[in-house]
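This report goes through one structure part by part. Please look at the sequence and the model before reading on.

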Amino acid sequence: MTARSVAFSRTRLTELMVPSFANFGGKVHGGVILSLMDKVAYACASKHAGAYCVTVTVDGVEFLQPVEVGDLLHLDATVHFVGNTSLVVGIKVTTENIKTNEVKHTNNSFFTMVAKDDSGSPVQVPELELATHNEMRHFVTAIRRAKIRKEAQVRLQHDYDAFIPKEDFALVDTHRGKITFDRKS
Ligand SMILES: CC(C)(COP(=O)(O)OP(=O)(O)OC[C@H]1O[C@@H](n2cnc3c(N)ncnc32)[C@H](O)[C@@H]1OP(=O)(O)O)[C@@H](O)C(=O)NCCC(=O)NCCS
C-alpha cells in the first residue's frame with residue numbers, strides 16, 4: 001500500500017450560514033457546525049483511506065466565537081495521524097464576513113475516524129508522508145492527545161467508582177449544586 005501525503009487528502013468545505021441555521025438568539029446552531037465538521041472529516045479521512053470511514057471520537061470541540069448568519073464558514077481538514085485502521089483528522093474552522101472580509105478563528109477539533117471495508121470491518125489505511133516539521137508535530141501531538149484521553153478516561157472511571165457521598169458533599173458545596181436529599185440517608 002503506497003503512503004499518501006497530507007496534501008493528497010487536504011479538504012476545504014465552505015458553507016454559507018443561511019437564516020434556517022439560526023438558533024433563538026439569532027446565531028448559528030452549534031449542531032449545524034458539528035454536522036459540517038463531521039462531513040469534512042469524513043471526506044478527508046475517506047480520501048486518504050480510499051475507503052468509507054466512520055467517526056469514532058471527537059476531541060477539542062469548543063466554540064470560541066459565535067457564528068453569525070450571513071457569514072461564510074470555512075472548514076479546513078487535514079490528516080494529522082494514521083494508525084492501522086484509524087486516522088485523526090484535524091479541522092480548523094474559520095468564519096468570513098462577506099462584506100468586510102474579516103476572518104475569525106472559531107475552533108480546532110480532532111476527529112478520530114476508522115476506515116471500513118465493504119463488509120463493515122476495519123481496514124488498514126495507507127501510511128502518512130510527513131513532509132514538514134509541522135506535519136510531524138501534528139502526528140506526534142495526536143499520539144500524545146490519545147494517550148492523555150486514555151489516561152483521563154481511566155482516572156475519571158476510577159474517581160466515579162470511588163464516589164463516597166460523605167466525602168464528596170464538601171466538593172458539591174464549594175460549587176453551585178444544591179443538594180435536596182437527606183445527607184444522612
Ligand atoms: C469504531 C469501531 C469500528 C471500532 O470497532 P472495534 O471492533 O473496536 O475495532 P478495533 O478494536 O479493531 O479498532 C479499530 C480501530 O479503532 C480504534 N478505536 C476503537 N475505539 C476507539 C476509541 N474509543 N477512540 C479512539 N480510537 C478507537 C482502535 O484503536 C483501532 O485503531 P487502529 O487500527 O488504528 O489501531 C466500532 O466501534 C464502530 O463501528 N463504531 C461505530 C462508528 C459509527 O458508526 N460512527 C458513526 C456515528 S453513529
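## Around the ligand

The ligand has around it Val54, Thr55, Val56, Thr57, Gly83, Asn84, Thr85, Ser86, Thr112, Val114 and Pro122, where a residue is near a molecule if its C-beta atom, placed from the backbone, lies within 6 Å of it. Two or more residues of this shell come from each of strand E3 (52–59) and strand E6 (103–116). E3 gives the most, with four residues. Helices (H or I, at least four residues) and strands (E, at least two) are DSSP runs, numbered from the N terminus.

By type, the shell holds four nonpolar, seven polar and no charged residues. Ala, Val, Leu, Ile, Met, Phe, Trp, Tyr, Cys and Pro count as nonpolar, Asp, Glu, Lys and Arg as charged, and the others, Gly among them, as polar.

## About the model

This is a predicted model, in which local features need pLDDT of at least 70 and side-chain atom pairs count only at pLDDT 80 or more, while totals for chains, interfaces and linings use all residues. Residues are numbered from 1 along each chain as its sequence is written.

## The sheet

Five strands make up an open sheet in the order E2-E4-E5-E6-E3, with antiparallel pairing. Its edge strands are strand E2 (11–16) and E3, each of which pairs on one side only. From one strand to the next, the twist averages 30 degrees; axes are lines fitted to C-alpha atoms, for helices over the stretch in contact, and angles run from 0 to 180 degrees between N-to-C directions.

E2 and strand E4 (residues 72–82) run antiparallel and are joined by six bridges. Two strands pair if DSSP finds at least two bridges between them. Arg12 stands opposite Asp76 in E4.

Does helix H3 (residues 133–161) lie largely in the open or largely buried? Of its 29 residues, the number buried is two, so H3 lies largely in the open. A residue is buried if 20 or more other C-beta atoms lie within 10 Å of its own, exposed if 12 or fewer, and partly exposed in between, with C-beta atoms placed from the backbone.

Lys166 is in helix H4 (residues 165–173). Lys166 counts as exposed because it has 8 C-beta neighbours inside 10 Å. The C-alpha atoms of Lys166 and Gly26 are separated by 44 Å.
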